[in-house]
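This briefing reviews selected local features of one protein model. Please consult the sequence and the coordinates alongside the text.

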Amino acid sequence: MIGRRYSLAAAALAAVAATPLPACAFVPAASRTALPRLHSTIEEATETANGAADTNVAQTEDTSRDKVMTFAYDMSMEPKYEKPTYPGTGNGMSGDAGEYDIVVIGSGMGGLSCSALSAKYGSKVLCLESHIKVGGSAHTFSRMHEGGKYSFEVGPSIFEGLDRPSLNPLRMIFDILEETMPVKTYKGLGYWTPSGYWRFPIGSREGFEKLLMEQCGEDGPKAIEEWDALRERLRTLGGSTQAVALLNLRQDPGFLATTAGSLPFVLTHPDVFADLSLTFDDLSKTVDEFVTVPFLRNFIDTMCIFCGFPAKGAMTAHLLYILERFFEETAAFCVPIGGTCELGNTLQRGLEKYGGKLQLNAHVDEILVEDGRAVGVRLKNGNVVKARKAVVSNATPFDTVKLMPQADNEPKGLTKWREELGKLPRHGAISHLFLAIDAEGLDLSHIDDPAHLIVQDWDRSLQDSQNLCSFFIPSILDKTLCPPGKHVIHVYSSGGEPYEPWEKLTPGSEEYEAYKKERTEVLFRAVENCIPDVRDRLEFSIVGSPLAHEAFLRRDRGTYGMAWAAGSSAPQSGILGNFLPFPFPNLKTPVDGLLRCGDSCFPGIGTPSAAASGAIAANTMTHVDSHLKMLSEASKLDPMYKFLDAGVMGQVYKPLVQGFTPSAELRTDQYVKGAGTAPMDYSATDPNVSERVDL
């Protein structure tokens, strides 16, 4: 949901990091002493496959509030594991042979953003998608029933800042590509908790303080005081969100020029450097220091859970955007008209506008590596697509390593990278329930918004798929999704559903259907909070198990995403991980010409964050001068974007860094003396592009 989690500190040091390497009364009152430090979750991933599986399931059987759950598998122990595909989503056998500058694997928000911006920069780009639709988890599917069409979301459904120019990286990318996406807005998020129904009013500081007074009783004034103290503690980091954006970042020395516009903020807020470690550290440490009122602690946990963790396990950066943006009058949640699929459709239009190409139903079987360099991909149908400059994988790290079978005499660094990424801890799977209902006589006047969270028990982990879930009724605002007089509802669990019990079952069997009914009963009950007779109103229902989630979205074991808990550095996190707790593997790899993007890279889970990772990858592959020009042009699109421009200081730094952009491992042609000092100058349609020097 909330993907705009970044700060000046996070932004600047994220670039340094990648310098190339070859609700209320149910929570015990918190003390002001720090919680026990989280252990490194990689410890679980070093177990044997069976041992890890036992741990995965066992942790879900006792989910106390203070537990941090992650799931682990050793991908190196199952090299022949083949991901299933859902019927009707393509067989992956399309895709033509060819040669491009950049080949992107996957059309999620990261892959599409990388592809579209790379095409705008002038590269000849091909984006390959295994599915028959674009968008990755930002996806919509339809079913016909009695002559009517019903459309459902399968992934994220709560977005902020898409209705106007904002700090949301995804909206920024839309504007840079000069593409629009119609939305409707709403101003709150409904909560169904043990203490009853309440609503978080976005865009109203006064409304939030009123909520605290109503829900916290005599502790209301104390809750307001603690909230203000937390905001004040994080004010400098939060304010930096309007000093530099994720779109300013690149992973080479050029970032010194592209982020130079933030220097005035740095000079007037030198304390930002003292908070560098805090940016990436476990948020619960700061929350414990300032917040004791149970309701407020619960609220903070739910705001973080969309990244996969509650406050314990989440980066401090996850809360910064909320502190700054969610209380501005213009803040609003958005429903894309036509469904979440419109996110991908909008980026696809931008990609094709600038000469890029998208191929659907084109499954990549292998990333081709020659002499330590990624040179292209082999498709499932046997065709080979060459990449002159780079291959970018938008697949999860668990799926990416399966595309690179171990070769004889390969560099030790590559072997280590593959093993460490394959063992990374991850969040569990997700269960879905899709409902089409008759809305005749249905009174929904008691709710104001289409999006709702349901918590069964505040003493249990919010990662527990049987404790926290969400339901979304987009047809309240978007009437195009179903016939008149009907509603569509998407209900989904938190990303903590264990995969092992599901993989032992055969889809369609009596045992499988019985287990689906058992595990999704909590999802039905969640909707009954709002619509008590929902089962009587059913036109039809569809259960999406973790097996279906995996097969439909092409995500290994249906995972919600990578799960490295804040507080320690992830493996392969680059230079930054040596001195700060940076919880993301580098988007660069030991293989020259191979990059990654998506929700397993900085800045993490969420559609805006995944899009930002794609932008960072695109920026990294282009000359700094092209990047600076893009930022300058974007800064003129709207007053909100003025801070994107690196300004005079960017031009001052440019001569010092331009010879190192793009970095050496992304250069493919022979350089002459002085090369690298001019921007890349070719178009996506120029047939002679491969003959030019890549500067």
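**Confidence**

- Where pLDDT is low, predicted coordinates should not be read in detail.

- Pro603 sits in the loop that lies between β19 (594–596) and α21 (607–620).

**Positive phi outside glycine**

- Glu146 has a phi near 50 degrees, a positive value in a residue other than glycine.
- The loop between β3 and β4 contains Glu146, and this residue counts as exposed because its relative accessibility is 72%, above the 50% cut-off.
- Arg557, which is not a glycine, has a positive phi of about 60 degrees.
- The position of Arg557 is in the loop between α20 (546–553) and β19; with a relative accessible area of 5%, Arg557 is buried, since the cut-off for that class is under 20%.

- Strands β3 (residues 140–145) and β4 (residues 148–153) run antiparallel and are joined by six bridges.
- Phe141 has Phe152 of β4 as its bridge partner.
- Two residues lie between the strands of this hairpin, in which Glu146 takes its positive phi.

- Strand β16 (residues 468–472) is largely enclosed by the rest of the structure, because five of its five residues are buried.
- In a regular strand, side chains alternate between the two faces of the sheet.
- Both faces of β16 are covered: Leu468, Ser470 and Phe472 are buried on one side, and Cys469 and Phe471 are buried on the other.
- Strand β15 (residues 451–455) pairs with β16 in the antiparallel sense over five bridges, and Leu453 has Ser470 of β16 as its bridge partner.
- Strand β17 (residues 486–493) pairs with β16 over four bridges, again in the antiparallel sense, and Val491 of β17 stands opposite Phe471.

**The β5-β9-β6 sheet**

- An open sheet is formed by three strands in the order β5-β9-β6, with antiparallel pairing.
- β5 (159–160) and β6 (183–186) are the edge strands, each pairing on one side only.
- Two bridges link β5 to strand β9 (residues 333–336) in the antiparallel sense, and the bridge partner of Glu160 in β9 is Phe333.

**Helix α5**

- Helix α5 (residues 169–176) is mostly covered, with eight of its eight residues buried.
- The buried residues of α5 are Pro169, Leu170, Arg171, Met172, Ile173, Phe174, Asp175 and Ile176; Arg171 and Asp175 are among them.
- These buried residues pack against four helices: α4 (109–121), α15 (341–353), α21 and α22 (624–635).

**The largest cavity**

- Rolling a probe the size of a water molecule over the atoms shows where empty space is left.
- The largest cavity holds about 140 Å³ of space.
- This cavity is lined by 16 residues, of which Cys307, Phe309, His318, Trp564 and Phe584 are the closest to its centre.
- The lining comprises 11 nonpolar, four polar and one charged residues.

Technical notes: Residues numbered from 1 in each chain as written. Predicted model: local features only at pLDDT ≥ 70, side-chain atom pairs only at ≥ 80, totals over all residues. Heavy atoms only, no water. Pairing = 2+ DSSP bridges. Buried < 20%, exposed > 50% of the residue type's maximum accessible area, 1.4 Å probe, protein only. 1 Å grid on protein atoms, 1.4 Å probe; cavity = no way out; pocket = protein on both sides within 12 Å on 5 of 7 lines; lining within 4 Å. Points joined across faces, edges and corners; volume = space filled by probe spheres on them. Nonpolar A, V, L, I, M, F, W, Y, C, P; charged D, E, K, R; others polar. Contact = heavy atoms within 4.5 Å.
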